[in-house]
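Please take a moment to look over the chain below before reading on. The notes that follow move from the overall layout to the sheet, the helices, the cores and the confidence of the model.

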Amino acid sequence: MPATTVHRVAVLVLPRVIPFDLGIPTLVFAQRPGTPYRMTLCAAKPGEVATDAGFTVRVTGGLNVARQADTTIVPGYTTDARPAPAVLEVLARAHDQGKRIVSICTGAFALALPHSLRCRASSPGTVIGGPFSRRAAT
């Protein structure tokens, strides 16, 4: 039986993350027998991260997890605060290295900011298109 290569998935939890959006990749990439994925939650700093629903999520991984990941997923978050510069740099480096980067809903805002994907992000949809375009230009 051939050895299975492990695909490392980092779910980058930003402050005021939307719990539903965080739940999607954690369910899809949860470790199960026979799957090649190893999913880890990470944040700018390990510890408690506030959700937009009034509770916190305990995150054990730091940005080193995202740096080492094959795929980084950015769940939706309340976009009233800009992600930390270190977060944007990790996303930019992953992009420059040709790694997979996925956003869920408003997670695309983090990808569109300058110094993340060098302003080459795709649109997250028409509902937030106006605010998305304005923030991507700043």
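The chain contains five helices and six strands, and from the N terminus on these elements follow one another as β-α-β-β-β-α-β-α-β-α-α. What is shown is a predicted model, with a mean pLDDT of 85 for the chain. Of the 138 residues in the chain, 42% are buried, and among contacts between residues at least 6 apart in sequence, 64% join residues at least 24 apart.

- Four strands form an open sheet in the order 2-1-5-6, and their pairing is parallel; strand 2 and strand 6 (100-103) are the edge strands, each of which pairs on one side only.
- On average, neighbouring strands of this sheet are turned by 20° against each other, if direction is ignored.
- In general, strands of a sheet pair through backbone hydrogen bonds, in either a parallel or an antiparallel way.
- Strand 1 and strand 5 run parallel and are joined by three bridges; Ala10 has Thr72 as its bridge partner in strand 5, while Val11 stands opposite Ile73 in strand 5.
- Strand 5 and strand 6 also run parallel and are joined by four bridges, and here Val74 stands opposite Ser103 in strand 6.

**Both sides of strand 5**

- In a regular strand, the side chains alternate between the two faces of the sheet.
- Strand 5 is covered on both faces, with Thr71 and Ile73 buried on one side and Thr72 and Val74 buried on the other.

**Helix 1**

- Which residues of helix 1 (residues 19-28) are buried? They are Asp21, Leu22 and Pro25, and because they cover an arc of only 100° around the axis, they lie on the same side of helix 1.
- The face of helix 1 turned away from this buried side carries Phe20 and Leu27, which are exposed.
- The buried residues of helix 1 pack against strand 1 (7-12), strand 2 (37-42), strand 4 (56-59) and strand 5 (71-74).
- Helix 1 lies across strand 1, strand 2 and strand 5, and it runs at about 150° to strand 2.

**Helix 3**

- Helix 3 (residues 85-96) lies across strand 1, strand 5 and strand 6, and it runs at about 130° to strand 6.
- His95 lies in helix 3, and it counts as partly exposed because its relative accessibility is 23%, a value between the 20% limit for buried and the 50% limit for exposed.
- The C-alpha atoms of His95 and Thr72 are separated by 9.9 Å, although these residues are 23 positions apart along the chain.

**The nonpolar cores**

- The largest nonpolar core has 16 residues, of which Leu12, Leu14, Val74 and Leu91 touch the most other members.
- Strand 1, helix 2 (63-68), helix 3 and helix 4 (108-112) each supply at least two residues of this core.
- A second, separate core of 14 residues includes Val9, Val13, Leu41 and Val57.

**Confidence in the model**

- A pLDDT of 70 or more is reached by 79% of the residues in the chain.
- Over residues 119-128 the pLDDT is below 50, and beyond near neighbours in sequence this stretch has 14 contacts in the model.
- Where pLDDT is low, the predicted coordinates should not be read in detail.

Technical notes:
Residues numbered from 1 in each chain as written. Predicted model: local features only at pLDDT ≥ 70, side-chain atom pairs only at ≥ 80, totals over all residues. Heavy atoms only, no water. Buried < 20%, exposed > 50% of the residue type's maximum accessible area, 1.4 Å probe, protein only. Arc of directions from axis to C-beta. Contact = heavy atoms within 4.5 Å. Pairing = 2+ DSSP bridges. Axes fitted to C-alpha atoms, helices over the stretch in contact; angles between N-to-C directions. pLDDT = per-residue confidence, 0-100. Core = buried A, V, L, I, M, F, W, Y, C linked by side-chain atoms within 4.5 Å.
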